Amino acid sequence: GKTIIVTGSASGIGLETARVCTAMGAKVLGVDVTKRFDHVEEFYRADLSDGATLDALIDVLPNGIDGIANIAGLPPTAPAEKVLAVNLFGLKHLTLGLIPKLNNGASIVNLASLAGFGWPDAIPKIRASENVHVDDTARFAAEHQITNEGGRSYFFSKEALIAWTMQNRWTWRDRGIRMNTVSPGPVDTPILGDFLETLGARAEEDARVMDRPGTPQDLAPIIAFLLSDMTAWIRGTNIPADGGMSSNILCEMH
Ligand code: NAI
């Protein structure tokens with residue numbers, strides 16, 4: 001079986017992904033700041049917003065990893081620099097640090113969001129964020145005025161994540177290592193209420209046009225599929241899984 005790292009394994013989409021991967025015969029190494037490890041083979045408690053903690057985690061994780069599911073994430077009810085650190089800069093730091101420990105053919109799956117679809121409008125700020133260290137997140141946020149107003153910190157974290165994943169479509173091609181994003185629309189997990197609170201009218205409008213929000217059970221099989229060898233030719237792309245929301249937005253624009 002494969003060895004898969006799942007961040008955010010204690011709740012929501014990460015918890016369900018850990019369950020599905022285990023059921024498919026993988027050895028799941030769970031990572032979360034919240035302690036909950038009944039459904040994973042090994043559990044690593046870590047705050048993914050802190051550089052020293054990330055370096056210690058990279059050090060202690062074993063060699064021979066076949067997949068990373070970067071699912072841990074924070075809504076914009078958390079401080080803006082925390083949102084950016086966990087959803088973007090910490091994710092990148094962990095992933096890049098683990099590249100030497102990956103087996104050939106490994107798959108990396110990053111949880112982005114429908115909230116990241118406006119990435120082309122954010123290219124200058126995305127470029128400015130490219131080489132920012134996770135411990136410099138607060139300075140970057142202040143310099144570029146990325147606050148929680150209108151959920152901006154969250155939107156930017158997902159925009160930059162989609163762009164970074166696309167940019168790295170072929171970075172590890174010689175080793176067969178590929179990376180993709182999955183972008184859900186609203187999913188019924190503990191943070192859905194935080195989005196309704198912080199994104200206001202926009203989230204309410206989404207809720208109005210949808211028949212139902214997604215569930216972790218809607219998302220986990222897609223993530224597991226992307227971690228499997230069946231998707232070796234899906235590289236550097238974004239897979240929406242949103243009950244039709246992204247095509248609805250595009251159709252209404254044209
Ligand atoms: P959740 O709150 O159920 O799970 C997130 C997990 O991340 C939690 O277990 C939490 O402890 C962990 N986490 C947060 N900060 C951390 C830190 N500093 N260090 C380590 N772990 C940390 O939320 P959900 O919905 O399962 O979210 C998973 C991913 O899906 C997130 O990246 C989120 O942005 C994304 N997403 C969620 C949507 C939704 O409507 N629920 C929609 C689109 C994307």
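User: Which helices each supply at least two residues of the shell around the ligand?

Analyst: The model is predicted. In it, 30 residues surround the ligand, and the closest are Ser11, Asp32, Tyr154, Val187 and Thr189. The helices that each give at least two residues to this shell are H1 (12-23), H6 (152-167) and H7 (192-199).

User: How do the residues of the shell around the ligand divide into nonpolar, polar and charged?

Analyst: The shell holds 30 residues. Three of its residues are charged and eight are polar. The nonpolar residues number 19.

User: At what distance does a backbone N or O atom of Val187 lie from an oxygen atom of the ligand?

Analyst: Val187 is among the closest residues to the ligand. Backbone N or O atoms of other residues also face ligand oxygen atoms: one of Ile71 at 3.0 Å and one of Gly73 at 3.5 Å. For Val187, the distance from such a backbone atom to a ligand oxygen is 2.8 Å.

User: How much of the area that the ligand exposes when taken alone does the protein bury?

Analyst: Backbone N or O atoms of Val187, Ile71 and Gly73 each lie at a listed distance from a ligand oxygen. On its own, the ligand exposes 830 Å². The share of this area buried by the protein is 94%.

User: Is the aromatic pair of Phe140 and Phe156 stacked, edge-to-face or tilted?

Analyst: The structure holds three aromatic pairs. In the pair of Phe140 and Phe156, the ring centres are 5.9 Å apart and the planes make an angle of 35 degrees. Planes under 30 degrees apart would count as stacked and those over 60 as edge-to-face, so the pair of Phe140 and Phe156 is tilted.

User: Which helices hold Phe140 and Phe156, and how many residues apart are they?

Analyst: The pair of Phe140 and Phe156 links distant parts of the chain. Phe140 is in helix H5 (residues 137-143) and Phe156 is in helix H6.

User: Why does Phe140 count as buried?

Analyst: A residue counts as buried under 20% relative accessible area. Phe140 counts as buried because its relative accessibility is 4%.

User: Which residues do ring pairs link into a cluster?

Analyst: Phe140 and Phe156 form an aromatic pair. Ring pairs join these two and one further residue into a cluster. The cluster is made up of Phe140, Phe156 and Phe89.

User: At what distance from the ring centre does Arg173 lie over the face of Trp170?

Analyst: Two arginines are placed over Trp170. The charged end of Arg169 sits over the ring at 5.5 Å from its centre. For Arg173, the distance to the ring centre is 4.3 Å.

User: With which side chain does the side chain of Ser157 make a polar contact?

Analyst: Ser157 belongs to helix H6. Its relative accessibility is 0%, so Ser157 is buried. At 3.3 Å, the side chain of Ser157 makes a polar contact with that of Asn87.

User: What is the phi of Gln145?

Analyst: Gln145 lies in the loop between H5 and H6 and is exposed, at 65% relative accessibility. Most residues other than glycine have a negative phi. Gln145 is not a glycine, yet its phi is positive, at about 50 degrees.

User: How far apart are the C-alpha atoms of Ile146 and Phe156?

Analyst: Ile146 is in the loop between H5 and H6, and its relative accessible area of 4% makes it buried. Ile146 and Phe156 are 10 residues apart along the chain. Their C-alpha atoms are separated by 7.9 Å.

User: Is Ile239 buried, partly exposed or exposed?

Analyst: Ile239 is in strand E7 (residues 238-241). Its relative accessibility is 23%, and buried would need a value under 20%, exposed one over 50%. Ile239 is therefore partly exposed.

User: What separates Ala85 and Leu48 in space, C-alpha to C-alpha?

Analyst: Ala85 is part of helix H3 (residues 80-98) and is buried, at 4% relative accessible area. In sequence, Ala85 and Leu48 are 37 residues apart. In space, the C-alpha distance is 7.6 Å.

Terms used. Residues are numbered from 1 along each chain as its sequence is written. This is a predicted model: local features need pLDDT of at least 70, side-chain atom pairs count only at pLDDT 80 or more; totals for chains, interfaces and linings use all residues. Side-chain values use heavy atoms; hydrogens and water are left out. A residue is near a molecule or strand if one of its heavy atoms lies within 4 Å of it. A polar contact is a pair of N or O atoms within 3.5 Å; within protein, one must be able to donate a hydrogen and the other to accept it, and residues adjacent in sequence count only if both atoms are side-chain atoms. Accessible areas come from the Shrake-Rupley method with a 1.4 Å probe; for residues, only the protein chains shown count as cover. Helices (H or I, at least four residues) and strands (E, at least two) are DSSP runs, numbered from the N terminus. Ala, Val, Leu, Ile, Met, Phe, Trp, Tyr, Cys and Pro count as nonpolar, Asp, Glu, Lys and Arg as charged, and the others, Gly among them, as polar. Rings of Phe, Tyr and Trp (its six-membered ring) pair if their centres lie within 6.5 Å; planes under 30 degrees apart count as stacked, over 60 as edge-to-face and the rest as tilted. Buried means under 20% relative accessible area, exposed over 50%, partly exposed in between (1.4 Å probe, protein chains only). A charge sits over a ring if NZ of Lys or CZ of Arg is within 6 Å of the ring centre and within 35 degrees of the ring normal.
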